[in-house]
Amino acid sequence: MTVLGIDDWGIWSAYLLCILGAIFSVVYGIINWNKGDEEVYPEDVRWVRDEKKAEEEV
Amino acid sequence: MDNVFILTIVVVVYLLMISYLGYYGYRKTKNALDYLVAGRSVHPFVMALSYGATFISTSAIVGFGGAAAMFGMGLLWLTFLNILMGIIIAFIIFGKRTRKIGHNLDAHTFPELMGRRFQSSFIQGFSGLVIFIFMPLYAAAVLIGAARFIETTFSSQINYNVAILIYTLIICAYVLAGGLKGVMYTDALQGAIMFVGMMILLVMTYTKLGGVVAAHQALGAMAAQVPEKLIAIGHMGWTKMPTLGSNLWWTLVSTIVMGVGIGVLAQPQLAVRFMTVKSNKEINRAVSIGGVFILSMTGIAFVVGALTNVYFFTHPEFGKISMAVAGGNIDKIIPMYINSALPVWFVYVFMLTLLSAAMSTSSSQFHTMGTAIGRDFVERALLRGKYPQYTVLVTRIGIIFGVIATVILGYKLPGSVIAVATAIFFGLCASAFLPSYIGALFWKGMTKAGVIASMLTGFLGTAFWLLFIHQKEAEAMGLCKLIFGKSTLTGFPWTVVDPIVVILPISLVVAFGVSFFTQKLPKEHIEKCFKHV
């Protein structure tokens with residue numbers, strides 16, 4: 001079987017899987033676009049504050 | 001093309017643009033706290049492009065693109081793993097827990113995350129030291145990729161040695177302008193430039209070669225042109241996988257595809273990116289952009305890399321396959337193709353593409369090296385947190401040493417080295433850190449002893465394999481010959497099997513095995529680590 005001008009299934013399957021992987025990523029992102037919202041906890045705020053401090057020092 | 005004047009203008013304008021954006025981003029992050037509390041967050045486009053630009057560098061485009069010109073389109077398996085491991089698994093499975101556990105432990109570097117998770121200064125210091133010592137290898141791969149392009153583009157005025165210095169100066173200017181802060185906006189702009197540049201490259205290449213199917217068929221028809229020495233080690237053509245179990249097959253599958261494809265999960269400079277987002281929502285959204293971005297980077301680089309053979313072979317001026325045109329140095333193939341096959345205006349566009357790809361990765365590498373030695377090794381492991389006032393100084397010195405080591409490697413390393421150097425670093429990170437990282441995120445029962453044993457096994461095992469078993473490195477280092485009088489300790493196929501295939505599973509077994517029999521971490525510490533997870 002030849003796909004997109006490539007005879008070896010070991011190659012064309014990789015070619016197609018790359019595209020399918022990207023499509024899966026897009027679909028996953030869209031389906032979960034509004035999911036995963038979280039409350040901001042004190043440890044999250046502390047992390048941002050410390051990160052900023054460390055960046056400014058360097 | 002020899003116009004260094006235009007290069008200078010292009011680079012200066014580009015740096016100004018990046019600096020402005022860095023400043024804009026800096027002002028924004030000044031209010032990051034309010035920003036976070038106000039419930040807004042970094043746009044997922046910005047997060048995904050920033051991650052992607054840090055991940056993808058000249059190593060992937062120039063180095064692995066050149067490798068595709070030699071190995072053929074089998075490298076697309078690496079693109080598949082880049083998307084599956086580097087985006088889907090890294091974001092959805094690893095990213096969310098890394099962010100939460102990192103915040104719970106107030107960890108800001110990868111070694112700090114591991115050290116605090118397992119309550120061990122040794123773990124933090126050892127990880128930092130491994131990163132500081134070996135990351136210059138990967139940083140050099142990125143540097144060489146950029147320098148090869150500058151060298152090829154301005155061949156009559158700039159040689160390779162000068163090109164390395166030019167790129168080093170550009171990266172220093174960029175870092176001094178604030179690039180080291182890793183401001184997401186600059187990374188995101190660089191990611192956007194990379195995306196546009198690579199898309200144009202793909203369309204132009206397929207158009208030049210008569211379309212998708214015609215181009216692939218033309219490449220398939222060139223199987224007879226494969227050099228004898230490559231046929232002898234398993235090469236069957238550029239649109240075919242190498243012979244199963246052959247020398248070339250093992251190199252492609254174990255070193256290039258698995259080494260880099262799996263190693264991405266334990267890349268210290270990438271893991272910390274997840275901590276910068278506010279919630280899992282941003283990570284979910286970023287998956288969509290990340291997948292498309294990686295496809296458009298390595299997918300295009302590898303397809304175009306393989307297809308350069310059709311261009312060079314059918315071109316009357318060359319009439320040879322890519323490797324022969326590049327004089328055997330595969331790192332030169334992509335730069336030569338861009339300069340020879342594509343219009344001058346695109347060479348400038350591609351220059352920006354590569355500059356963006358290199359700078360976003362280089363700056364994060366130097367930042368990671370600096371914090372690895374300053375914050376992780378010296379402050380925590382060596383001084384046991386007693387003199388934090390010296391951390392900034394040591395970090396800065398660490399960055400300078402990192403840059404110097406990288407430049408020296410850039411001069412000393414041989415040709416065709418970009419993909420190999422990258423693969424060694426990625427493989428080492430996988431074997432040394434991945435089992436413990438998995439345990440840190442997913443198994444409350446993993447112990448400090450288990451992690452130490454696994455890290456030492458992964459590190460020492462990989463070093464042993466590269467010095468005494470894996471032919472290419474063992475021969476180059478010469479230690480095995482010196483001690484045992486022969487270049488490697490074993491015969492084929494082990495001499496071409498990458499350490500990741502053997503050492504990573506051993507490191508995994510050690511991590512989990514030792515953890516079963518050693519003292520567990522205190523319950524209250526585990527609860528703190530996994531709070532709100």
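Colleague: How many helices and strands does chain A have?
Modeller: Helices (H or I, at least four residues) and strands (E, at least two) are DSSP runs, numbered from the N terminus. Counted that way, chain A has two helices and zero strands.

Colleague: This is a predicted model, so which pLDDT do side-chain atom pairs need in order to count?
Modeller: Residues are numbered from 1 along each chain as its sequence is written, while chains are lettered from A and ligands numbered from 1 in the order in which they are written. In this predicted model, totals for chains, interfaces and linings use all residues, local features need pLDDT of at least 70, and side-chain atom pairs count only at pLDDT 80 or more.

Colleague: Which radius of gyration does chain A have, against that of a compact globule?
Modeller: The radius of gyration is taken over C-alpha atoms, and the globule rule is 2.2 Å times the number of residues to the power 0.38. The C-alpha trace of chain A spans about 60 × 30 × 10 Å along its principal axes. A compact globule of 58 residues would come out near 10 Å, but chain A has 22 Å.

Colleague: And which radius of gyration does chain B have?
Modeller: Chain B holds 24 helices and zero strands, and its C-alpha atoms fill a box of roughly 70 × 55 × 40 Å along the principal axes. A compact globule of 533 residues would be near 24 Å, which agrees with the value for chain B, 23 Å.

Colleague: Happy with that! Which helix gives the most to the side of chain A that touches chain B?
Modeller: Two residues are in contact if their C-beta atoms, placed from the backbone, lie within 7 Å. On that basis 43 residues of chain A are in contact with 50 residues of chain B. Helices H1 (9-31) and H2 (42-57) of chain A each give two or more residues to this side. With 15 residues, the one that gives the most is H1(A).

Colleague: Is Leu49(B) buried or exposed?
Modeller: A residue is buried if 20 or more other C-beta atoms, placed from the backbone, lie within 10 Å of its own, exposed if 12 or fewer, and partly exposed in between. Leu49(B) sits in helix H3 (residues 44-55) of chain B, and its contacts beyond four places in sequence include Ala188(B) and Phe293(B). Because 27 other C-beta atoms lie within 10 Å, Leu49(B) is buried.
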